[in-house]
Amino acid sequence: MAKGEIITASGTGYVGCLTPEQKKTLKEVWSMIFSIADSGEAIVPSELMHEVEREAKSGDGSQSATVQAAAKAGWFSNNKSANAEEAAKAAGYGVGMAKVSLADLGLSVDKLRPILWDNAMGDHPDALLLRFIRARKWNVVNALNMLFKAFKWRIDEDIPAVKYSTDEHLNEQYPKFFEQLEMGKFYIHGTDVDNRIIAYLNVHLHHPNDQPAKTLEKLTIYLMECGRVLLEHPTETICLVFDLSNFGLSNMDFTMVKYLVTIFEAYYPESLGRIIIHGAPFVFWGIWKVIQPWLDPIVASKVRFTRADKDLLEHIPAKHLPDHYKGGLDHYKYEYPHANPGENKCMEDTATKEKLVAEWKDTFWKFEALTREWIKVDTPEATRSEEEVEKDREQCAKDLRVAFFKMDPYIRARNMFHRTTPPIAQVDGSVKWVYNN
């Protein structure tokens, strides 16, 4: 483990259960984000940069191949730390400090706050940052590097356009988008024994050359963004079931597997709680030897293999498991519900939309102000206790969630989870799964 990295102790590291040291790290990350957002640049300890730079150049250690590749192309590669140290000295800072800027990431100040707010959606903003902090073992610079690279990816891939668009529009842009949804290649239904939402991937329905790779990428992002809104605190992770029943070599798509590994590790960190590989035939085990080294060790530790349908019951309650699996009691058959007439009428009401967006932004500015105050509670500038500030800050985080879901139907097209009867995705952000037992 690299210098400055700390393993997250069980039962800690999440909103509402931070140790004093973890809280300190979270404050440091927020402080650096504000510093960069205010000026476009920040001062950090150069030793931490050297650690990242050495890791990026070494190409060894316990990191996965995809993480190594990202590091080599990243923020602190190509001796940028030496230049950053010289810049810090020129700005009047002492030895051992380095100056970094958003320009190193291809970002700008005017893009940073919007992409942060958009990424948080209805989540507690701390929860978003903590996913990246845990993924980088509480190393502040590594976490910021990862976070900002994810922000840049969201801008480059225009993630807001995917998550806010109608599925009809996405189908027009990406050939065979509807076809993937209609065949049930990927679908989300119910929760596992730990209340994680479950995404089923029926691999035997997939043939790599049947659709453009870009369509699959955008479909994956669409389902990820839809699924994120179905997560309810304190659950922050999902369960993936790769159903390999009737799997053959013609179904194998190494490019798509690499894409899934990359986005879960680099752009949606700490999102996987369990990966179930179900019904793998003999031919798969040779493929697994190729795939396994691509996985981060922590992700690999979450993989479980189930052979018989009854083995799934260890992970999924019988009442939640579709009854086409033996032992499942949920009479569920996946069908993709297409758009209902007028379901996006709210998006045409620009006056209400502008009002609700303004209210949401005002709440975010309030959260930012409270966070700045929270960071300084142990300084002479403080006028209130940490307990007082945290109480107001937590209430503001709840207000943010309420403001987001009020705004949501005016900025985001309805999707399959709004079209069921009753809707799985409720208007207030709560989730109601229906099981037909």
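This is a predicted model: local features need pLDDT of at least 70, side-chain atom pairs count only at pLDDT 80 or more; totals for chains, interfaces and linings use all residues.
Biologist: Hi! Which residues have the most contacts inside the largest nonpolar core?

Modeller: Those are Leu181, Tyr222, Leu230 and Phe417, in a core of 65 residues. Helix α11 (residues 213-228) gives the most to this core, with 7 residues.

Biologist: And what does phenylalanine 417 touch?

Modeller: Leaving aside residues up to four places away in sequence, phenylalanine 417 touches Ile188, Cys226, Leu230, Pro423, Ile424, Ala425 and Trp433. There is also a second, separate core of 54 residues, which includes Ala42, Val100, Phe367 and Val377.

Biologist: Let's switch to rings. How many aromatic pairs does the structure hold?

Modeller: The structure holds 23 aromatic pairs. One of them is tyrosine 187 with tyrosine 200, which is stacked, at 5.1 Å centre to centre and 20° between the planes.

Biologist: Are tyrosine 187 and tyrosine 200 buried or exposed?

Modeller: Both tyrosine 187 and tyrosine 200 are buried.

Biologist: Nice. Which residues form an aromatic cluster?

Modeller: One cluster is formed by Trp117, Trp360, Phe364, Trp365, Phe404 and Phe405.

Biologist: What lies over the face of tyrosine 14?

Modeller: Arginine 134 does, at 3.8 Å from the ring centre. Likewise, lysine 27 lies over the face of tryptophan 374, at 5.0 Å from the ring centre.

Biologist: On to helix α16. How far apart are its end C-alpha atoms?

Modeller: They are 35 Å apart. Helix α16 (residues 386-411) has 26 residues, so at 1.5 Å a residue it should span 38 Å, which agrees.

Biologist: Where is the kink in α16?

Modeller: The kink, of about 25°, lies at phenylalanine 405, shortly before proline 409.

Biologist: Which residues of α16 are buried?

Modeller: Among them are Val389, Arg393, Cys396, Leu400, Phe404, Phe405 and Asp408. What covers the buried residues of α16 includes α1 (20-39), α6 (125-135), α8 (159-164), α15 (350-375) and α17 (416-419).

Biologist: Last one: where is glutamate 86, and is glutamate 86 buried or partly exposed?

Modeller: Glutamate 86 is in helix α4 (residues 80-90). Its relative accessible area is 48%, so glutamate 86 counts as partly exposed, since the cut-off for exposed is over 50%. Glutamate 86 and lysine 99 are 13 residues apart in sequence and 8.1 Å apart in space, C-alpha to C-alpha.

How values were computed
Residues are numbered from 1 along each chain as its sequence is written. Side-chain values use heavy atoms; hydrogens and water are left out. Helices (H or I, at least four residues) and strands (E, at least two) are DSSP runs, numbered from the N terminus. Buried means under 20% relative accessible area, exposed over 50%, partly exposed in between (1.4 Å probe, protein chains only). A nonpolar core is a set of buried Ala, Val, Leu, Ile, Met, Phe, Trp, Tyr and Cys residues joined through side-chain atoms within 4.5 Å. Contact means heavy atoms within 4.5 Å. Rings of Phe, Tyr and Trp (its six-membered ring) pair if their centres lie within 6.5 Å; planes under 30 degrees apart count as stacked, over 60 as edge-to-face and the rest as tilted. A charge sits over a ring if NZ of Lys or CZ of Arg is within 6 Å of the ring centre and within 35 degrees of the ring normal. The expected span of a helix is 1.5 Å times one less than its number of residues. The bend at a residue is the angle between axes fitted to the seven residues ending there and the seven starting there.
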